[in-house]
Amino acid sequence: MLVNLHISNIALIDELDIDFSEGMNILTGETGAGKSIIVGSIGIGLGGKFDRSLLRDESKDGMVELLFSVDDIMKEKLSALEIDAEDGEVLISRRLAGTRTINRINNMTVTASVLKEAAGLLINLHAQHEQRTLMKPEMHMELLDSSDDGIAALKEEVRRLYMEHKEVVDKLEEMQLDEAERAKKLDFISYEISEIESACLKAGEDAELELQYKKASSAREIAEVTSEVYSITGYDEDRSAGSQLSRAVRAIQMLPRLDKDATELSDMLSEIDSLLGDFNKQLKDYMNSSEYSDEELQDIETRLNLINSLKVKYGRTLEDIDSTLNALRVEQDELIGYDDTIASLRKKEGELSEKLLKGAQKLSKARRKAADKLCKDIADSMKELNFNRVDFSMRFEELEKCTANGMDKAVFYISTNIGEEPGPLNEIASGGELSRVLLSIKSAISEKGGTPTLIFDEIDSGISGVTAQKVGKMMKKLSGSHQIIAITHLPQIAAEADTAFVIEKTVETGRTFTNIRALSTDERVTEIARLLGGENITDSVISAAKEMIGVQ
């Protein structure tokens, strides 16, 4: 469940903390108080658009944090995204710093896609625009697919088979060449193979040549430095360090004869002389290995140019070039054995086409079975929402060609009035009906598990009276298995709250602020009365409000 929402420097909010509870959390407030800011901030936390136009003070960072408590099942789901929630808490944080949005989960920086995926497991935001999704027939099948866990695996199998089949079909189309075109293509491929093979590339050769080229092109500078060092430290000149150190060694070797305590000093100096001799030997070897003729430098440069030209044509690395060579050899063999290749591809296309058809049929069967169950559940929910008549079903059409999503086209059909034939939901449902249908769909799908927290932004749009009361009762029922956070302007729904909040706009020191606070029982009565009677709150309105929330 969502435990806490923290908002900083967004719109009319300086700093705001909201602690939510289990069950039914209801948010109310006057029009324009800032309810949309709260919902918008939650949307930002779930991965929505976050830009500087939303900031109250552009000189400061903006932030939204969502703190969740999670159970063992959710921990396992999150672990698949490499999110550690062993302590039972998940903190999703989004900070807008400058022009950059920083996304974190439990203080670990994550990509926007990972954040959205994790947030989608934890919370589902049903905003007003979702009613418009019901007006899009293509969304109906997505709702159906989300209602049954078994459909996902079938869809993935169909998608996989579709992509394999498409690859073979594309290959067949690509291979449709006449004899002259095949000969021309075969000549070109043979040339490319020969060009790569004749280079006799070796693994790691390019990196080694780059080092050699750098060394060879700097050979003159290297020679100057090493010659100077060798002259200073060597034994060839009387004033060189090596020559003078040798004289010092010969001189100190007399000391141990005079004083045994000087033996260690003599040995140390001899060791230094030996080390300097080894150094000069290695320095001489290095000097010899750093000598490059102009011809050697030219050879290295020519080889590097060849390798780089092959990289431009066949791949960024030697491994890429090798992969290209293998692919070209396969394509060469296919063209040489053209008739056998075409026959093999056609056979494979037929096999995949049959598998794809069977997979799509299996998916379609699963969808139709799931649709019967889902539509019954939706209809049952709708009967609780004051519809005169409920006829809710899903009608399927078979597409001419199988797609990556199967071979189905499915649309919800509905009739809510006696004597009227069912029609497509997107064509005949009114605004008030859509809000209730959406709630019924969400209720039917959510009861199967899904996200533990559901947020409804004015799901009550277009309803009132007894219908509003029934919507409130259904949301209350749903809150038995899910945390519900709902924004409403209807007292019938607000009265069902386990925890009630009011969103208020205040003016302090010449500035406007949006705040939210939890209501006490007496304050709830006053707020329900406001929703019932507006500014004219009489004793009878107060009495009605008390009755609605069940207090004396």
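1. Buried here means under 20% relative accessible area and exposed over 50%, with partly exposed in between (1.4 Å probe, protein chains only). Helices (H or I, at least four residues) and strands (E, at least two) are DSSP runs, numbered from the N terminus. The model is a predicted one: local features need pLDDT of at least 70, side-chain atom pairs count only at pLDDT 80 or more, and totals for chains, interfaces and linings use all residues. Residues are numbered from 1 along each chain as its sequence is written, and side-chain values use heavy atoms, with hydrogens and water left out.

2. On the exposed face of α21, the side turned away from the buried one, sit Asp539, Ser540 and Glu547. The helix spans residues 539–549, and its buried residues are Val541, Ala545 and Ile549. Viewed down the axis of α21, the buried residues fall within an arc of 65°, the arc being that of the directions from the helix axis to the C-beta atoms; they therefore line one face of the helix. Part of the cover over these residues comes from α20 (521–533). Gly550 follows α21 and has a positive phi, near 75°.

3. The protein chain contains 21 helices and 15 strands. Its radius of gyration is 39 Å, whereas a compact globule of 552 residues would have one near 24 Å. That radius is taken over C-alpha atoms, and the globule rule is 2.2 Å times the number of residues to the power 0.38. Along the principal axes, the C-alpha atoms fill a box of roughly 120 × 80 × 45 Å.

4. Of the 552 residues of the protein chain, 43% count as buried. Contact means heavy atoms within 4.5 Å. Among contacts in the protein chain with a separation of 6 or more, 68% are between residues 24 or more positions apart.

5. Leu16 belongs to strand β2 (residues 13–19). Leu16 counts as buried because its relative accessibility is 5%. Beyond its neighbours within four places in sequence, Leu16 is in contact with Leu5, His6, Ile7, Ile38, Thr514, Asn515 and Ile516. Between Leu16 and Tyr314 there are 298 residues of sequence separation and 57 Å in space, C-alpha to C-alpha.

6. Arg436 is part of helix α17 (residues 431–446). This arginine counts as buried because its relative accessibility is 11%. Not counting residues up to four places away in sequence, Arg436 touches Leu385, Asn386, Phe387, Ile463, Thr467 and Val471.
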